[in-house]
Amino acid sequence: MHLLNLGILAHVDAGKTSLTERLLHSAGVIDELGSVDDGNTRTDTLALERRRGITIKSAVVSFPVDDVTVNLIDTPGHPDFIAEVERVLGVLDGAVLVVSAVEGVQPQTRVLMRTLQRLRIPTLLFVNKIDRRGARYGDLLAALSERLKAAVVPMGSVEGLGTREAGFLPGLGPTAPAVLADHDEELLTAYVENTVSDDLLRAALAAQTRQVLVHPVYFGSAITGAGVDALITGVRELLPAAQGDPQGPLSGTVFKVERGPAGEKVAYARMFSGTLRTRDRITFGDAGKEGKVTAVSVFDHGTDLASDSVPAGRIGRLWGLGEIRIGDAIGVPRKAYEHVFSPPTLETVVVPGPDADRRALHLALTHLAEQDPLIGLRHDEVRQETAVSLYGEVQKEVVQDTLADEFGVHVTFRETTPLCVERPVGTGAAVEFNKKDPNPFLATVGLRVAPAPVGSGVRFALEVELGAMPYAFFKAVEDTVRETLGQGLHGWRVTDCVVTMTHSGYSPRQSHAHQGFDKSMSSTGADFRGLTPLVLVEALRRAGSQVYEPMHRFRVEVPADTLGALLPVLAGVRAVPGTTETQGALCVLEGVVPAAQVHGLERQLPGLTRGEGEWESAFDHYAPVAQGTVPERARTDHNPLNRKEYLLNVTRRVA
């Protein structure tokens, strides 16, 4: 039996979930088509998804195509839920990218195609909605090639375009040999000599699709079913089957975590090698945690069925692993988990309603963060507040509705603010010695903070001998350094720096005569954890830090005669235009803009461009805050910037 793990991706409202329904219906898995408008589709199972008519969480269903079992993963289309798409990409063998025949190539279409190509995932294109008025064929094919920067091969022609009777006629078009010959010398020779056979053409098409050199394009309608059978044939013949040795070493990746009816964790994992069985004890995650798999199910014929194993190539649901997280490797790691999309650049504070239970809210937010690791939580114990990092306003609304629907906790939010970072300006050092005033801790810690290249993160280094004191004390210093750098001089995360430990010292284990261990005379890990923040912030203060705000690179396509109204608005929000290109009656403008201004610009654009403007943006880099007051972020720690306050909070041994 062949397996294929297939992702369905698209810009929001291109018809992705409707296509999933049609594929399941054509394969005989469901007897009746569900509708997004009616809220009864197979993959949008959340009440919130059905109410809003959008996909929020990825979902897995399975259907057979001849001798191939396809695990179909439906993903969200809205850019606010790009984290859901990111996790799915790492477990796919192939993908179908859905494009609307009416709206054409949209901003998220371009983002997804660039990512699929970068990750080398074989992809078919399905142009949906050919039955809709305004549907296009010829110019849309040209747009697919030009705007997606992809070699496309039309897999047929369309009749009755834009009518309810629209149909797809399969068959390689006259441009196929020329496109395929660009990547195949044998085919090029045959093309020049006019001896191209259909078999040679089909073999080249399959090989080049699997090598991500070309992208076959199908036209059709998920509503009427036109072109769907041809797409299914393409999935079976052109996309590669799942690879993996069921007898090899155990290796898999967790791409989704949810809570079961009893609150238990359920992990979705793709196995790349080996066979995972019920009652197996397995290792997972970077820390090599262990757990026992208590139950397993696999996907088959539209549902998941209880099983005793998940062999290589399959996707399974796993129970019993209480500490498992999204992105964890199971067994032997395949490769380091890496983010392929930019992190969230916005943050908002959750405000509980008048009757909200704060403990229930904390638990609910923790569960949401488990399911979406890019939702970062910051708990402020002093103010009893929790801040949540987000991609956009729609995600904020969904979090609000989810807390109310699933957890019975009603909340509102404060104004969304950008997530800034801090970077050291220069080099600074500080040291405090054991048993010398004003140090109340039994520890010596010296640290130097220096800038590092942009994008390098935080590196911890030693200038002292590793054997100069117990390793646990060095580990306590390093862990505390990384934790403390979560909040710099202005409260933002400090990054792109090297922190070097320059001094170390401790009081060996001591006791009074004939008595047990005396903590007041001997150093413990708590001494190093308590002293390190004071030394680090003093070194950082001497180095100085600069606050950087997130900047988005934007691309806006507008009618050329509306550019005069748009430019002053862009200037007013500190956008910096880069290149401008005129394409007929359209003007394409690219540049950078502060992330905090993106949502407002998206709302203004339709009014400025007669509803014809198209906006695309994504995080690009951090830039120094050059105008106005430097933004500050409320601290959630014991505030080592204020020594007296810090010591009162951390220890009774006040200097």
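This is a guided tour of one predicted model, going from selection to selection.

Residues are numbered from 1 along each chain as its sequence is written, and side-chain values use heavy atoms, with hydrogens and water left out. Because the model is predicted, local features need pLDDT of at least 70 and side-chain atom pairs count only at pLDDT 80 or more, while totals for chains, interfaces and linings use all residues.

**Stop 1**

Begin by selecting Leu188, Tyr191 and Val192, which make a nonpolar surface patch of about 290 Å². A patch of this kind is made of residues with over 30% relative accessible area and no salt bridge, with nonpolar side chains (Val, Leu, Ile, Met, Phe, Trp, Tyr) joined within 5 Å and like charges within 9 Å; the accessible areas come from the Shrake-Rupley method with a 1.4 Å probe, and for residues only the protein chains shown count as cover. Val192 belongs to helix H7, residues 185-192, where helices (H or I, at least four residues) and strands (E, at least two) are DSSP runs numbered from the N terminus. Val192 counts as exposed because its relative accessibility is 64%; the cut-offs are under 20% relative accessible area for buried, over 50% for exposed, and in between for partly exposed (1.4 Å probe, protein chains only).

Next, select Asn194, which is found in the loop between H7 and helix H8 (198-210). Asn194 has a positive phi of about 60 degrees although it is not a glycine, and at 70% relative accessibility Asn194 is exposed.

**Stop 2: another positive phi, and a cis peptide bond**

Move to Arg279, in the loop between strand S12 (275-277) and strand S13 (281-284). Here too phi is positive, at about 75 degrees, although Arg279 is not a glycine, and the relative accessibility of 61% makes Arg279 exposed.

Then select Asp437 and Pro438, which are joined by a cis peptide bond with omega about 0 degrees; Pro438 sits in the loop between strand S26 (428-432) and strand S27 (443-451).

**Stop 3: a buried strand residue**

Select Val254 in strand S10, which covers residues 251-259. Val254 is buried, with a relative accessible area of 1%, and its C-alpha atom is separated by 9.7 Å from that of Leu318, which is 64 residues apart from Val254 along the chain.

**Stop 4: salt bridges**

The structure holds 31 salt bridges, a salt bridge being a side-chain nitrogen of Lys or Arg within 4 Å of a carboxyl oxygen of Asp or Glu. One to display is between the side chains of Arg423 and Asp496, at 2.5 Å from N to O. Arg423 lies in strand S25 (residues 421-424) and Asp496 in the loop between strand S29 (493-494) and strand S30 (497-506), so this pair ties together parts that are 73 residues apart in sequence. Arg423 is buried at 10% relative accessibility, and Asp496 is buried as well, with a relative accessible area of 2%.

Another to display is between the side chains of Glu590 and Arg555, at 3.8 Å from N to O. Glu590 lies in strand S33 (residues 586-594) and Arg555 in strand S31 (residues 545-559), so the pair links parts that are 35 residues apart in sequence. Glu590 is partly exposed, with a relative accessible area of 30%, whereas Arg555 is buried, with a relative accessible area of 12%.

Now select Arg635 and Asp637, whose salt bridge has its closest N and O atoms 2.9 Å apart. Arg635 counts as buried at 11% relative accessibility, while Asp637 counts as partly exposed at 22%.

Arg383 is in the loop between strand S21 (377-380) and strand S22 (385-390), and Arg383 is partly exposed, with a relative accessible area of 43%.

**Stop 5: a pair of packed helices**

Finish with helix H14 (residues 563-572) and helix H15 (residues 598-608), which pack at an angle of about 160 degrees with their axes 10 Å apart. H14 is therefore roughly antiparallel to H15, since angles under 35 degrees count as roughly parallel, over 145 as roughly antiparallel, 65 to 115 as roughly perpendicular and the rest as oblique. The axes are lines fitted to C-alpha atoms, for helices over the stretch in contact, and the angles run from 0 to 180 degrees between N-to-C directions.
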